[in-house]
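Open the model in your viewer and keep the sequence panel beside it. The stops below go one selection at a time.

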Amino acid sequence: MKKFVAAAATGALAGLLVTTQVAGPLLAQENDRKANVYQQLDLFGDIFERIRVQYVEDVDEGDLIEAAINGMLTSLDPHSSYLSPDDAEDMRVQTRGEFGGLGIEVTQEEGFVKVVSPIDDTPADAAGIEAGDFITHVDGESVLGLNLDQAVEMMRGPVGSEIVITVVREGETEPFDVTIVRDTIKLTAVRTRTVGDSVVLRVTTFNDQTTPNLESGFAKQVEELGGMDSVNGIVLDLRNNPGGLLTQAIKVSDSFLEKGEIVSTRGRNPQDGERYNAEPGDLAEGKPIVVLINGGSASASEIVAGALQDHRRAIVVGTKSFGKGSVQTVMPLRGEGAMRLTTARYYTPSGRSIQALGVSPDIVVEQPRRKPAGEEEEETSRRFNGEADLRGSLNNDSLTDDEVRQIEEDRAKAEEAAKLREEDYQLAYALDILKGLSALGPKE
């Protein structure tokens, strides 16, 4: 017993020595790290005071502090930033769906402003700005060297005022100027229409209006077609959709999924991860879905495309999406400002991150560039439709007049759909897929 106690005491003493030997250096390292941080803060204070007192012109101390804070945040990644009180209010207004500006979603790449996507029916869209364009100058002033918020501030101005931006575009040999008149941007989150027997849902952004617009618009189109039995499928058009609210991306995905994971987020600490699952109920009642994406589809739109693709609920068509797979949390700060901080990455149901990679379509379909005005080919001769155009041709004796009329109506619909290829090849391709799937379906 004495030997056991002695051994235990020795073991405890040895354990104490090991703990002391390990904890001591760690504690010293922590103290050194804190000391270094305080030294850096002292350095910041010294520089701030030198600028305040010795800079060639008077400076606003508040502006200096804001610039320092923003510099600290923007050094982390392209999506973290400081929002001044005015910027924070602008962001809240944008979330509600109406604001003033050009109508483009931008990011920063290689020091220049890169267009993620123009917003439908906005001044930028009307002026021909495209996803992937680089903006190098605003009213003749270079944006190189500015952070994203500073560059965006240069593009802001009163509604009705004119702005000239210099654009560099892939495929163009020289930069060119585009003149845009600023306007009030009123976002219609979802536009709906029918093409043939298909419902087209054009989702332009993910804000507070998105899910209500989607549900009401879809119901209206189904009613106009005569009920779900008359619908052959849905095209969910997410092209040039720069994203928006994560909550809305989850709700839109849930609208078409009966069960399973929609998206998961993983932060710095494992315990901060979140997982979002679908609830029963499919708005489309199992009808086929084609999702359209392109290089302007980012963030929330990639969540929707990835979720429907992973669950094999939709065929994804178009080109690779933008690849923004991070989550930003907006944190209110004192003085009515806010901080937009990247706090997590999000992952599709299969566990893949789309950060910097994007969502790859199941079927790659490029959108041909529009021909400049005046280059359209003119038809030089009348085309014959076939046997029926020949003088004295025989009539078809196997069909009734009603059956002939139905065939002609179906042919007219097909020809109308073919015309769509001239203005929107990707959408026409998506509709062709739905028509093909419908043709293979069970016949009653």
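This is a predicted model: local features need pLDDT of at least 70, side-chain atom pairs count only at pLDDT 80 or more; totals for chains, interfaces and linings use all residues.

Is Asn241 buried or exposed? Asn241 counts as buried, because its relative accessibility is 0% and the cut-off for buried is under 20%. Asn241 sits in the loop that runs from strand E12 (233–237) to helix H7 (246–254).

Now show what surrounds it. Neighbours within four places in sequence aside, Asn241 contacts Ser117, Val203, Thr204, Thr205 and Phe206, and also Gly296, Ser297, Ala298 and Ser301.

Step along to Leu238. With neighbours within four places again left out, Leu238 is in contact with Arg202, Val203, Phe206, Val291, Leu292, Ile293, Ser297, Ser301, Val304 and Ala305. Leu238 also belongs to the largest nonpolar core, which has 40 residues. Leu236, Leu238, Phe256 and Val291 touch the most other members of that core.

Which element gives the largest share? Select H8: six residues of this core come from H8.

Next, select Ile129. This residue lies in the loop between helix H4 (123–126) and strand E5 (134–138). Ile129 is buried, because its relative accessible area is 5%. Leave out residues up to four places away in sequence, and Ile129 touches Ile104, Val115, Pro118, Ala124, Ile165, Val167, Arg169, Val178 and Ile180. Draw a distance from Ile129 to Ser117: the C-alpha atoms are 8.3 Å apart, and the two residues are twelve apart in sequence.

Move on to a hairpin. Strand E10 (residues 190–195) pairs with strand E11 (residues 198–203) in the antiparallel sense, over six bridges. Val195 has Ser198 in E11 as its bridge partner. Two residues lie between the strands, and Gly196 takes a positive phi near 65°.

Finish by colouring on confidence. The average pLDDT is 84, and 82% of the residues score at least 70. Residues 1–20 have a pLDDT below 50, and this stretch makes two contacts beyond near neighbours in sequence. Residues 372–385 are also below 50, with five such contacts.

Key. Residues are numbered from 1 along each chain as its sequence is written. Side-chain values use heavy atoms; hydrogens and water are left out. pLDDT is the predictor's confidence in each residue, from 0 to 100. Contact means heavy atoms within 4.5 Å. Helices (H or I, at least four residues) and strands (E, at least two) are DSSP runs, numbered from the N terminus. Buried means under 20% relative accessible area, exposed over 50%, partly exposed in between (1.4 Å probe, protein chains only). Two strands pair if DSSP finds at least two bridges between them. A nonpolar core is a set of buried Ala, Val, Leu, Ile, Met, Phe, Trp, Tyr and Cys residues joined through side-chain atoms within 4.5 Å.
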